[in-house]
Amino acid sequence: MAPTPTRTVPPVKDYSKRKILVLHGDRQTGDLLVGRMSSLKRKLLKPRNYKNGPLADEIAAIGIGDPALQESISDNTEILGKDPNNYKIEFVAPDGPYVWKADPSVHRYVQPHNENEEAQRENDLMRTWWERNGNEYGGLEESLDMILATWNSVGDESFEGILGFSRGARLTHLIATLHEASGG
């Protein structure tokens, strides 16, 4: 009989403090997006019991039911307890490097000539990850460099992952594709 392959379980990671890089959509800022994510943050902070919880059978069925892995995952609940104050999630949401500008070929609903002064000030605060002029796009390299610098700036507290919304989601997909293509 062939030996059963064993999976190496990494040491228990301290999930009490997690960072997630959040990339906003077009005509938005990081602060605006994070302000709209309080419900998601509450759900992410909710302690999970993967060992005996309602999803235990489903977790086992998809192949992460290894007892050592289960123990590693549930150790965090045992170490931190069920007090949600023991868990911290920080959304790091940089602003795109470019000021958002209406492109008449795309943004037909925006009429910059008729905007009042307050609407113009608000638009001047909105950011984007790359510029578009008709079918020409520019600035993606600068955005990728800025995101890489943000990713590397956290020191020992690494990011858990990236979450993107709208144009930020397209950028997140591109980053994941580039990461995979580079061999990680």
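Predicted model: local features only at pLDDT ≥ 70, side-chain atom pairs only at ≥ 80, totals over all residues.
Local features need pLDDT of at least 70 and side-chain atom pairs count only at pLDDT 80 or more, while totals for chains, interfaces and linings use all residues. Residues are numbered from 1 along each chain as its sequence is written, and side-chain values use heavy atoms, with hydrogens and water left out.

**Strand β1**
- Strand β1 covers residues 17-23; strands (E, at least two residues) and helices (H or I, at least four) are DSSP runs numbered from the N terminus.
- Six of its seven residues are buried, so β1 is largely enclosed by the rest of the structure; buried means under 20% relative accessible area with a 1.4 Å probe, protein chains only.

**Pairing in the sheet**
- Two strands pair if DSSP finds at least two bridges between them.
- β1 pairs in the parallel sense with strand β2 (residues 88-92) over five bridges, and R18 has I89 of β2 as its bridge partner.
- β1 also runs parallel to strand β7 (residues 159-164), joined to it by five bridges.
- On the β7 side, K19 is partnered by F159 and L21 by I162.

**Sheet order and the helix across it**
- The open sheet has three strands in the order β2-β1-β7, with parallel pairing.
- β2 and β7 stand at the edges with a single partner strand each, so one side of each lacks a neighbour in the sheet.
- Neighbouring strands are turned by 25° against each other on average, direction ignored.
- Helix α2 (residues 38-45) lies across β1, β2 and β7, running at about 145° to β2; axes are lines fitted to C-alpha atoms, for helices over the stretch in contact (heavy atoms within 4.5 Å), and angles run from 0 to 180 degrees between N-to-C directions.

Key. Buried < 20%, exposed > 50% of the residue type's maximum accessible area, 1.4 Å probe, protein only.
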